Every structure is written in structure tokens, then in C-alpha cells.
Amino acid sequence: MEIRRDVFQAIADPTRRQIINMIAGEPLNLNTIAEKFDVSRQAISLHIKILNECGLINIKQHGRERYCEAKLEKLEEVTDWVEQSTKLWKQKFTKLDTFLQTVQNKDQ
């Protein structure tokens, strides 16, 4: 059974967000990424695997090194969701404000 991951799972972990930030500017090899963290290289490899499965990074082989490069367009799913949720909650709070103002005006 294949586990399907999504971009929200990828950004749920702070280490994965740090990795995305690191490679957003330039592709880096796995060793360079792993050196920046206080966890094992194996743990970083697992994070890289999840990011790859979510479509947030590409891994390219250059000689003996594997380089990770960011595919930030996949984060648009997050941006779209946040915008929709923000719009929804703004509408709900506006209705609540209107209701509370109406109740307050009746009491006066």
C-alpha cells in the first residue's frame, strides 16, 4: 500500500520547514543539509524523503552527490487554503460583530 502524503504534512514539522528554507535559495547536497542540524543524517534523510514524496523538493544526482532543490510552487496549496480560511473566518467574525452590536444597541 502506497502512502500518499500532502504538502500540509510536509510543513507540519519544523525541521522540514527549516530544510525548505535552506534549499529555497540554492540546491544543497544531503550532507550539507544534515550538518546544519543536531539530529542524525538518517533522520534528515527521512525528512528529505517526506518532502520529496510531498512534491516540495527534487533530488538530483550529480556524480556521487545527491542535491535537493526546492519546488516552492507546491506551497501554493497552503496559500490557497489559508486565503480561503481567512476569508471564511472574516465573514463569520463580521456577522458576530454585527450581531453583538445589534444586541448592545437593544440594551441601551
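Guide: One term before we start: a contact means heavy atoms within 4.5 Å of each other. Also, the model shown above is predicted.

Visitor: Thanks! How many helices and strands does the protein have?

Guide: The protein has 5 helices and 3 strands.

Visitor: And in what order do the elements run from the N terminus?

Guide: Starting at the N terminus, the order is α-α-β-α-α-β-β-α. With a radius of gyration of 21 Å, well over the 13 Å that the globule rule gives for 108 residues, the protein is more spread out than a compact globule.

Visitor: What does the C-alpha trace span along its principal axes?

Guide: The C-alpha trace of the protein spans about 75 × 30 × 30 Å along those axes.

Visitor: What share of the residues counts as buried?

Guide: Of the 108 residues, 23% count as buried. As for the surface, the protein exposes about 8200 Å², and carbon and sulfur atoms supply 50% of that area.

Visitor: Let me switch to charges. How many positive and negative ones are there, and how far apart are their mean positions?

Guide: There are 17 positive and 16 negative charges in the protein, and their mean positions are 3 Å apart.

Visitor: Can we pick one residue and look around it? Where is Ile44, and is it buried or exposed?

Guide: Ile44 sits in helix H4, which covers residues 41–53. Its relative accessible area is 1%, and buried means under 20%, so Ile44 is buried.

Visitor: Which residues does Ile44 touch?

Guide: Leaving out residues up to four places away in sequence, Ile44 touches Thr15, Ile19, Ile33, Ala34, Phe37 and Val39. Take Thr15: it is 29 residues from Ile44 along the chain, and their C-alpha atoms are separated by 8.4 Å.

Visitor: New topic: aromatic rings. How many aromatic pairs are there?

Guide: Rings pair if their centres lie within 6.5 Å, and the count comes to 2 aromatic pairs. One of them is Phe8 with Trp81, an edge-to-face pair at 5.9 Å centre to centre, with 75° between the planes.

Visitor: Which parts of the protein does that pair tie together?

Guide: Phe8 lies in helix H1 (residues 7–11) and Trp81 in helix H5 (residues 76–107), so the pair ties together parts that are 73 residues apart in sequence. Phe8 counts as partly exposed at 32% relative accessibility, and Trp81 is partly exposed too, at 49%.

Visitor: What is the geometry of Trp89 and Phe93?

Guide: Trp89 and Phe93 form a tilted aromatic pair, 6.0 Å centre to centre, with 40° between the planes. These two are 4 residues apart in helix H5, so about one helical turn separates them.

Visitor: How accessible are Trp89 and Phe93?

Guide: Trp89 counts as partly exposed at 48% relative accessibility. Phe93 is partly exposed as well, with a relative accessible area of 49%.

Visitor: Last one: where is Val82, and how far is it from Cys54?

Guide: Val82 is in helix H5 and counts as partly exposed, at 38% relative accessibility. The C-alpha atoms of Val82 and Cys54 are separated by 18 Å, and the two residues are 28 residues apart along the chain.

Conventions. Residues are numbered from 1 along each chain as its sequence is written. This is a predicted model: local features need pLDDT of at least 70, side-chain atom pairs count only at pLDDT 80 or more; totals for chains, interfaces and linings use all residues. Side-chain values use heavy atoms; hydrogens and water are left out. The radius of gyration is taken over C-alpha atoms; the globule rule is 2.2 Å times the number of residues to the power 0.38. Buried means under 20% relative accessible area, exposed over 50%, partly exposed in between (1.4 Å probe, protein chains only). Accessible areas come from the Shrake-Rupley method with a 1.4 Å probe; for residues, only the protein chains shown count as cover. Lys and Arg count as positive and Asp and Glu as negative; His and the chain ends are not counted. The place of a charge is taken as NZ of Lys, CZ of Arg, CG of Asp or CD of Glu. Rings of Phe, Tyr and Trp (its six-membered ring) pair if their centres lie within 6.5 Å; planes under 30 degrees apart count as stacked, over 60 as edge-to-face and the rest as tilted.
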